[in-house]
Amino acid sequence: MASVGLLHAAEATAKKPTMQQVLDSSKPADWRPLDPANTLYMELPGGRVVIELATQFAPLHAANIRTLVRQKYFDGLAILRVQDNFVTQWGDPNAEDTAKARPLGDARASLPAEFSRPAQGLAFTRLPDGDVYAPDVGFSDGFPAARDPKSGQAWLAHCYGMVGAGRGNEAESGSGAELYVVIGHAPRQLDRNIATVGRVVRGMDLLAALPRGSGPAGFYEKREQMLPIRSIRLSADVAAAERSDLEILRTDTPTFTALVESRRNRSDDWYLTPAGKIDLCNVPLPVREKKR
């Protein structure tokens, strides 16, 4: 009888749709377009990186970054650091030299620490499995997030592809003029210690496959090693014909719930033993060209 029960369980698992089947059956309403006013295009020699700003979690940083971008602050700056299994970081190579540092113009040099925000009123799709770093984890408007019902706070999680604003030892020393993206195993110890300002939705290969820096913490030791940034623009400031017309799977729909389940219990032919669980940072968020 036990073997019959196991057979039925295996058959039930096999009948679960795959992630691709979930996506193939999705409806147009399951997808949302990127907001041009909060989408950045970073143009590198190898192509375009598309970044969505997390305005609900770091509104002051997002506003300051928009100011910097519209002043063309990042144009001609560089990738400064690529630390294996950690981050790729960019900004002004002369930031520490007050005589040579690029002026911030109308942007602020420091901002309040937007490490977390009140959880009340925040859309949150909770994942069914536990987490080491937070009581609850899930997704909020497409961003991997965590929350603590006792403190009433919510924050973004440092998953692969998430973008943060560098700072010094002082909590309010960041401005968004120096940014980094996670390129390795999720460094969740950074959660609530730094302002997470967005995530890369396309072009991670251009940032994750760069040569690693040989200096301490992966910094490049020579200027010629640094990859130049051709420009960073807001999508809203780019001609419509030159935009990356992308849409993202919404995280507040039954389709997303089905996608999470398809990853918790893989029914692909290769898998013999479904995990039955999934980590927050292992939930993919599909992005596609907008259908016309």
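**View 1. Buried residues in the predicted protein model.** Of the 292 residues in the protein, 49% are buried (under 20% relative accessible area, with exposed over 50% and partly exposed in between; 1.4 Å probe, protein chains only). This is a predicted model: local features need pLDDT of at least 70, side-chain atom pairs count only at pLDDT 80 or more, and totals for chains, interfaces and linings use all residues. Residues are numbered from 1 along each chain as its sequence is written, and side-chain values use heavy atoms, without hydrogens and water.

**View 2. Overall fold and contacts.** The protein holds 5 helices and 16 strands (DSSP runs numbered from the N terminus: helices H or I, at least four residues; strands E, at least two). The C-alpha trace spans about 80 × 45 × 40 Å along its principal axes. Among contacts (heavy atoms within 4.5 Å) with a separation of 6 or more, 72% link residues 24 or more positions apart.

**View 3. Strand β2 and its surroundings.**

**View 4. β2 beside β3.** Strand β3 (residues 47–53) runs antiparallel to β2, joined by 6 bridges (strands pair if DSSP finds at least two bridges between them). A hairpin of 2 residues connects β2 to β3. Which residue of β3 is the bridge partner of Y41? The partner is V50.

**View 5. β2 beside β14.** Strand β14 (residues 231–234) also pairs with β2, in the antiparallel sense, over 4 bridges. Here Y41 stands opposite R233.
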